[in-house]
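Hello,

Here is the structure I promised to pass on, and my notes on it follow below.

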Amino acid sequence: MQITALSGGIGGARFLRGLQQHLANENLDADITVIGNTGDDIWIHGLRICPDLDTVMYTLGGGSSEERGWGREGETFNAKDELAAYGVEPTWFGLGDKDIATHLVRSTSLSAGYSLSDVTTALCQRWQPGVRLLPMSNERAETHVVVDDPSGALDSSGAPMRIAIHFQEWWIRYRASLPAHEFVIVGIDDARPAPGVLDAIAAADVILLPPSNPVVSIGTILAVPGIRDALRSTSAPVVGLSPIVGGAPVRGMADACLTTVGVETSALGVAGLYGARTQSGILDAWLIDESDAHAVPAIEALGIPCSAIPLMMSDLDATAAMAAQALRVAGTHV
Ligand code: FO1
């Protein structure tokens, strides 16, 4: 069985770990291809950092910090402190010493002319995540956030000056607390699906949308020209799991992102954002948490079959059960 999943960072990675556990529990033979978001990627101190690719690689490879969800376990931040001592910006980014090795390998390989796909494959040789990890694109497509200048500067009309900051700065430095007027994925129009991405969608027996950020993770992947159309035309069922439970994101700040794009922070709102495949969207089924069961009729009225199940990834067994339900709903008799 070919499973293809779109993934952002921590939520997506943790779901994928549960999927692997379910397949192992049932002794099922399946190949998983993960299409990872690269809109969060950033150059920092001359290093190319790919947060969502690294989070999937480390989490499934057994090297991630369980406490932080990102970066390495047993991490130190000496280089970060030394850079701060030199007064070098940015000081707000948590650049870990072990993590730097990954960024050095990636940055030197990219400088030598290798593609991000090649580099990601090479890095995964060490980590053996148990999935094929593909960047959504080898071209640079970075999410930037339009906010009122935090310095309080005003434009010539006396209105707050609007500036664009990198998503990482908005997410980490400002904790998404600056109201975002707009997300701009710089370079997205020239981005092409990375090698293998469209094939992984066309060849899949089932496609999963884990509970990643629907705007800046899944939404960014869908913004790569060709990917949304591929999902709409594949024969594989597309099953999504809501990242919003009880009107709030399970983790992260997806609510701030949904507000920016004018979508209600609810399981229903995100279902509507993705849309039913029968209504020019991409979903064939939508899994929501039991606590949102009241929303099933409204979601099904959108043309999206919906099931309310336990959706909290409280531990590996709970996440494996979610994955089992997603495959069941996909009608994939595994
Ligand atoms: N997230 C934070 O909240 N603070 C950080 O300092 C931070 C550093 C960081 C370094 C490498 C990396 O791969 C991820 C890192 N993240 C950090 C997480 C990252 O910002 C988010 O996981 C994604 O970009 C959003 O999904």
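Two strands count as paired if DSSP finds at least two bridges between them. The helices (H or I, at least four residues) and strands (E, at least two) are themselves DSSP runs, numbered from the N terminus.

On the model itself: this is a predicted model, in which local features need pLDDT of at least 70 and side-chain atom pairs count only at pLDDT 80 or more, while totals for chains, interfaces and linings use all residues. Residues are numbered from 1 along each chain as its sequence is written, and side-chain values use heavy atoms, with hydrogens and water left out.

Val-145 stands opposite Phe-183 in β8. The two strands involved are β6 (residues 142–148) and β8, and they pair in the antiparallel sense over 5 bridges.

**Pockets**

How much space lies in the largest pocket? The value is about 890 Å³. Here a pocket is an open set of points on a 1 Å grid over the protein atoms alone, where a 1.4 Å probe fits and there is protein on both sides within 12 Å along at least five of seven lines; lining residues have an atom within 4 Å of a point. Grid points are joined across faces, edges and corners, and a volume is the space filled by probe spheres set on the points.

The lining of the largest pocket has 39 residues, and Gly-9, Ile-10, Trp-70, Trp-171 and Arg-251 lie nearest its centre. At least two lining residues come from each of α1 (10–25), α2 (51–61) and α6 (167–173), with α2 giving the largest share, 5 residues. By type, the lining holds 20 nonpolar, 12 polar and 7 charged residues (Ala, Val, Leu, Ile, Met, Phe, Trp, Tyr, Cys and Pro count as nonpolar, Asp, Glu, Lys and Arg as charged, and the others, Gly among them, as polar).

The second largest pocket has about 200 Å³ of space. It is lined by 14 residues, and those nearest its centre are Ile-185, Pro-214, Val-215, Gly-219 and Thr-220. Two or more lining residues come from each of β8 (182–186), α8 (218–223) and α11 (267–274), and α8 gives the largest share, 4 residues. This lining divides into 10 nonpolar, 3 polar and 1 charged. Domain 2 (142–186) and domain 3 (190–331) each provide at least three of its residues; the domain bounds come from an automatic or database domain assignment.

**Buried parts**

In α11, the buried residues (under 20% relative accessible area; exposed is over 50%, partly exposed in between, with a 1.4 Å probe and protein chains only) are Ala-267, Gly-269, Val-270, Ala-271 and Tyr-274. Just after α11, Gly-275 takes a positive phi of about 80°.

Strand β13 (residues 285–289) has 5 of its 5 residues buried, so the rest of the structure largely encloses it. Ala-285, Leu-287 and Asp-289 are on one side and Trp-286 and Ile-288 on the other. β13 pairs in the parallel sense with β10 (residues 238–241) over 3 bridges, and with β14 (residues 306–309), also in the parallel sense, over 4 bridges. Gly-240 stands opposite Trp-286, and Asp-289 stands opposite Ile-309.

**Loops to look at**

The peptide bond from Glu-89 to Pro-90 is cis, with omega near 0°, and Pro-90 sits in the loop between α3 (78–85) and α4 (97–111). Gln-128 is not a glycine, yet has a positive phi of about 45°. Gln-128 lies in the loop between α5 (116–127) and β5 (132–135) and is exposed, at 53% relative accessibility. Arg-175, in the loop between α6 and β8, is likewise not a glycine and has a positive phi of about 50°.

Best wishes
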